[in-house]
Amino acid sequence: MTQQSPRRSVAVEFDNVVKAFGPVQVLHGVSFSLEPGRIYGLLGENGAGKSTLMKILAGYEPITGGTVRVNGEPQQFASSRDAEALGIVLIHQEFNLAEDLNVTQNIFLGHEKKKGFWLDDTAMERDAAAALAQVGLKVDPHTKVRRLIVAEKQLVEIAKAVSRQARLLIMDEPTATLTPGETERLFRLIAQLRADGVTIVYISHKLDEVERVTDEVIVMRDGRFVTRAPTAELTRHRMANLMVGRELADLYPPRDPVAMAQSPAMRVRDFSVPGWADNASFEVRPGEILGFAGLVGAGRTELFEGLLGLRPAGGSIEIGGKLVQLRHPRDAARHGLTYLSEDRKGKGLHVHLGLRQNLTLMALERYARPWLRPEAERSALAAAVKDFGIRTGDLDARASSLSGGNQQKLALAKVLQPRPKVVVLDEPTRGVDVGAKRDIYFLIQRLAREGLAVIVVSSELMELIGLCHRVAVMRAGRLVATLDANQLTEEELIAHATGTAASHA
Ligand SMILES: Nc1ncnc2c1ncn2[C@@H]1O[C@H](COP(=O)(O)OP(=O)(O)OP(=O)(O)O)[C@@H](O)[C@H]1O
Ligand SMILES: [Mg+2]
């Protein structure tokens with residue numbers, strides 16, 4: 001770790017920055033500057049170029065044209081190490097962790113402490129523990145990252161950055177996977193860093209957070225700088241409109257009535273996932289959108305992972321009136337149940353594969369008769385790109401080349417490819433911009449209207465209330481209430497999730 005003049009500030013100037021990936025130009029001459037010690041919100045639709053610009057600043061991507069100046073000096077970083085030497089550190093949107101290394105090893109990856117020839121494990125473990133305490137992550141530092149849940153991975157990513165003595169810290173969607181409690185702690189950490197003179201770039205689609213923590217907002221659109229303004233002069237509504245470049249209509253579609261007389265599309269009885277969920281019983285009807293609320297750790301994700309055969313579990317599942325045994329997500333897909341994992345990178349997409357391969361992976365029977373028919377796949381991809389508004393310059397690209405929000409849309413398209421009867425969407429709009437969020441809500445509603453039963457697991461209470469017909473609440477592994485979403489308030493949901501509501505489940 002570099003320990004030079006710890007209190008120096010960092011100012012940045014982007015001057016006509018251009019970036020192309022092969023023939024596709026994604027940044028078209030971006031110019032703006034960052035003053036030291038301030039907190040900037042960087043806003044823009046999915047694919048606007050926010051992450052790309054910040055990866056250039058942090059030395060992860062070479063610049064194609066233009067100049068980046070740090071404290072007045074033009075810089076061409078050959079690697080993230082060069083940027084880190086100037087105190088510029090990026091917290092990645094798509095975590096940049098080595099899954100098979102443990103927490104301490106990840107925190108010090110590339111910055112290992114040495115004592116003579118040997119790794120100084122004692123010092124690294126001590127410093128790792130301090131960094132973990134700072135972000136409030138309570139895990140054994142010897143745990144392999146693969147075994148962590150996404151929120152924990154995010155906190156490791158933050159701890160790693162914090163331990164590098166950043167003077168300019170870029171946070172790319174840092175709270176997408178965090179609980180409200182963890183988010184509050186992060187905000188306290190940000191306040192502390194700011195008091196310390198650290199410049200912060202905060203990228204988020206959660207406009208309430210941008211409103212709360214930033215001094216100034218910078219908006220990008222289609223690879224260009226659009227405008228900047230002091231946060232205090234903007235409303236959330238105005239921020240959203242600046243991002244999408246037009247007036248946004250209502251975020252949520254009107255609710256269609258559900259025919260409650262219909263027999264359930266899926267009925268789950270006395271379903272348990274040892275250690276996580278206890279005797280859960282619920283059902284969802286064709287055309288119904290059923291929400292699942294709860295604090296992180298309440299067991300929602302684990303309940304559905306159990307249901308899909310991803311964890312040891314027991315209980316009865318009926319789909320379309322038939323008792324089924326699901327040992328694997330493939331069994332589930334065959335019976336008409338698919339699942340969008342909250343862990344997009346870990347369990348959702350194969351980012352090194354192409355968009356086509358990702359899209360059709362769960363519905364291969366349809367594209368392989370008996371051989372894979374690339375033209376059928378290609379037209380399915382073209383349709384999905386249109387339906388889901390996936391922004392990509394190139395249909396033959398790998399999934400890793402999509403922006404975060406566009407990967408989310410691809411993952412969503414993928415689980416709908418097998419044309420399921422029931423779909424479980426775990427955090428479907430994570431990292432998705434407000435305009436695209438609205439598109440996804442309307443799409444979910446359209447699918448429900450066509451008879452799909454939809455289960456939405458979400459930590460965004462407003463999303464559950466705005467989109468769903470009913471909301472089930474889990475607390476400590478138990479289903480404690482199922483509430484009609486009409487007239488439901490956030491307070492009521494929180495009360496059930498935390499156990500402070502008068503019980504009338
Ligand atoms: N390695 C790559 N190869 C090809 N294209 C890429 C690559 N990385 C990014 N892009 C493209 O650059 C554009 C900008 O992507 P970027 O990730 O910067 O968007 P973003 O503003 O961060 O969006 P989001 O809000 O979804 O995270 C997108 O069209 C994306 O597909
Ligand atoms: Mg991004």
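Author: Start with a cut-off. A residue is buried when its relative accessible area is under 20%, exposed when that area is over 50%, and partly exposed in between. The model is predicted.

Now the metal site. The magnesium ion, ligand 2, is coordinated by Ser51 through OG and by Gln93 through OE1. The distances run from 2.0 to 2.2 Å. The two residues come from distant parts of the chain, 42 residues apart. Ser51 belongs to helix α1, residues 50-57. Gln93 sits in the loop that runs from β6 (88-91) to α3 (103-107). Are these two buried or exposed? Ser51 has a relative accessibility of 18%, so it counts as buried. Gln93 is also at 18%, and therefore buried.

Next, a buried charge. Lys206 is located in the loop between β10 (199-203) and α7 (207-213). This lysine is buried but makes no salt bridge. Why does Glu209 not count as a partner of Lys206? Glu209 is the nearest side chain of opposite charge, at 4.1 Å. What does Lys206 have instead? A polar atom of its side chain lies 3.1 Å from the backbone oxygen of Thr175. With neighbours within four places in sequence left aside, Lys206 contacts Thr175 and Ala176.

Helix α7 leads on to helix α8. In α8 (residues 236-244), the buried residues are Met239, Ala240, Asn241, Leu242, Met243 and Val244. Their cover includes α7, the strands β3 (39-43), β11 (216-221) and β12 (224-230), and helix α16 (434-449). Just past α8, Gly245 adopts a positive phi of about 75 degrees.

Strands β12 and β11 are linked by Arg228 and Glu216, twelve residues apart. Their salt bridge has its closest N and O atoms at 2.7 Å. Arg228 is partly exposed at 28%, while Glu216 is buried at 11%. Asp256 lies in the loop between α8 and β13 (266-273), and 193 residues separate the pair. Arg449 is exposed at 55%; Asp256 is partly exposed at 24%. Shared partners also join Arg267, Arg269, Glu283, Arg285 and Glu318 into one salt-bridge network. The count of salt bridges comes to 29.

Now the domains. The assignment gives domain 1 as 12-244 and domain 2 as 266-498. Over C-alpha atoms, their centres are 29 Å apart. In contact are 21 residues of domain 1 and 20 residues of domain 2.

At 34% relative accessibility, Asp394 is partly exposed. A polar atom of its side chain is 2.8 Å from the backbone nitrogen of Asp396. Along the chain, Asp394 and Val24 are 370 residues apart, yet 8.1 Å separates their C-alpha atoms.

Definitions and conventions. Residues numbered from 1 in each chain as written. Chains lettered and ligands numbered in written order. Predicted model: local features only at pLDDT ≥ 70, side-chain atom pairs only at ≥ 80, totals over all residues. Heavy atoms only, no water. Donors = N, O, S within 2.8 Å, 3.2 Å for Na, K, Ca; no water. Helix = DSSP H or I, 4+ residues; strand = E, 2+ residues; numbered from the N terminus. Buried < 20%, exposed > 50% of the residue type's maximum accessible area, 1.4 Å probe, protein only. Lys, Arg positive; Asp, Glu negative; His and termini not counted. Salt bridge = Lys/Arg side-chain N within 4 Å of Asp/Glu carboxyl O. Polar contact = N/O pair within 3.5 Å; in protein donor to acceptor, adjacent residues only side chain to side chain. Contact = heavy atoms within 4.5 Å. Domains from an automatic or database assignment.
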